Amino acid sequence: MTYPCSGVILAGGLSTRFSGRNKALIQVGGRSVLDRICSLFQELFDDIILVTNEPLRYLEWDLTITTDMFPVRSSLTGIHAGLFAATRPYAFCTACDTPFLKKEVVEMVLERLGGGHDVIVPEISAGFEPLCAAYSKRCLEVMARHIAQEQLQIKRLFRKFRVRTVSEQRLLEKDPDLLSFFNINAPEDLVKAERLLAGALS
Ligand SMILES: Nc1nc2c(ncn2[C@@H]2O[C@H](COP(=O)(O)OP(=O)(O)OP(=O)(O)O)[C@@H](O)[C@H]2O)c(=O)[nH]1
Ligand SMILES: [Mg+2]
């Protein structure tokens, strides 16, 4: 099944909680997080875009590379750049620090595309998961305006869009521990990721 959607990986953060280390290239279970996400995306998308401000670090990857358009550090800036570069009407956006993103969870978002919605996003008790969500090209203009005004909270943006959520109950059916949303922000998260993997494999 092909969806009218590009896959976007955001890798333009400063990684302040991880001493500036490039989280996309961090190894988890012997494979980089980027490698894990790429394998999954190749099964779902024929247009895969990496948003980075250091393109030279990714020359050997079979990806379309784009850079941020606004000099404002925020995940919204990366979503905007990826969505702008997308060749399909929607872009599914993920962070580059999510080693356990599950295909079934991405598919739950993709299955809800269309129907006049601008955004399809998981919503769990902790709130929305905007870095595991699909955005329509229709969002670009409003996103650009928000970034230019340094209103960078994605949640605030949602008030302006027709948003369809994927419920926690549904997500739990496919990902019982909601590990798709686990992200490596600090060194202790990497330790946790390795532990989780060891537990799953033993
Ligand atoms: N393209 C792009 N991606 C970004 C930007 N800021 C954050 N991201 C990405 O958004 C995702 C989520 O960000 P965080 O988990 O907070 O990562 P981070 O910003 O590198 O880390 P911290 O500085 O510790 O918050 C990661 O994949 C980042 O690479 C940006 O300005 N541009
Ligand atoms: Mg993170």
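**Figure 1. Asp 97, a position that UniProt lists under "binding site" in an unreviewed entry.** The model shown here and in the other views is predicted. Look for Asp 97 in the loop that runs between β6 (90–95) and α3 (103–110). Is Asp 97 buried or exposed? Asp 97 counts as buried, because 25 C-beta neighbours sit inside 10 Å and the cut-off for buried is 20 or more. Setting aside neighbours within four places in sequence, Asp 97 is in contact with Lys 23 and Val 33, and also with Asn 183, Ile 184 and Asn 185.

**Figure 2. The shell around ligand 1.** There are 22 residues around ligand 1, and the ones that come nearest are Gly 12, Gly 13, Arg 17, Gly 78 and Ala 95. Which helix gives the most to this shell? That's α2 (residues 75–85), with four residues. Sorted by class, the shell has 10 polar residues, eight nonpolar ones and four charged ones.

Figure 3. Leu 34 has its place in α1, which covers residues 33–44. With 22 other C-beta atoms within 10 Å, Leu 34 is buried. Not counting residues up to four places away in sequence, Leu 34 touches Ile 9, Ala 24, Leu 25 and Cys 96.

Figure 4. In soluble globular proteins, nonpolar side chains tend to be buried together. Here the largest nonpolar core has 54 residues. Which of them touch the most other members? They are Val 8, Ala 91, Phe 92, Val 109, Ala 133, Ala 134 and Tyr 135. Zooming in on Val 109, and leaving aside neighbours within four places in sequence, you'll find contacts with Phe 92, Ile 120, Pro 122, Cys 132, Ala 133, Ala 134 and Val 166.

**Figure 5. Stepping back to the protein chain.** The chain has seven helices and 10 strands. Along its principal axes, the C-alpha trace spans about 45 × 40 × 30 Å. The radius of gyration is 16 Å, which agrees with a compact globule, because 202 residues packed that way would come out near 17 Å. Of the 202 residues, 38% count as buried. Among contacts with a separation of 6 or more, 70% come from residues 24 or more positions apart.

Technical notes
Residues are numbered from 1 along each chain as its sequence is written. Chains are lettered from A and ligands numbered from 1 in the order in which they are written. This is a predicted model: local features need pLDDT of at least 70, side-chain atom pairs count only at pLDDT 80 or more; totals for chains, interfaces and linings use all residues. A residue is near a molecule or strand if its C-beta atom, placed from the backbone, lies within 6 Å of it. Helices (H or I, at least four residues) and strands (E, at least two) are DSSP runs, numbered from the N terminus. Ala, Val, Leu, Ile, Met, Phe, Trp, Tyr, Cys and Pro count as nonpolar, Asp, Glu, Lys and Arg as charged, and the others, Gly among them, as polar. UniProt positions are given in the numbering used here, feature names are shortened, and annotations may be inferred rather than shown by experiment. A residue is buried if 20 or more other C-beta atoms lie within 10 Å of its own, exposed if 12 or fewer, and partly exposed in between; C-beta atoms are placed from the backbone. Two residues are in contact if their C-beta atoms, placed from the backbone, lie within 7 Å. The radius of gyration is taken over C-alpha atoms; the globule rule is 2.2 Å times the number of residues to the power 0.38. A nonpolar core is a set of buried Ala, Val, Leu, Ile, Met, Phe, Trp, Tyr and Cys residues joined through C-beta atoms within 7 Å.
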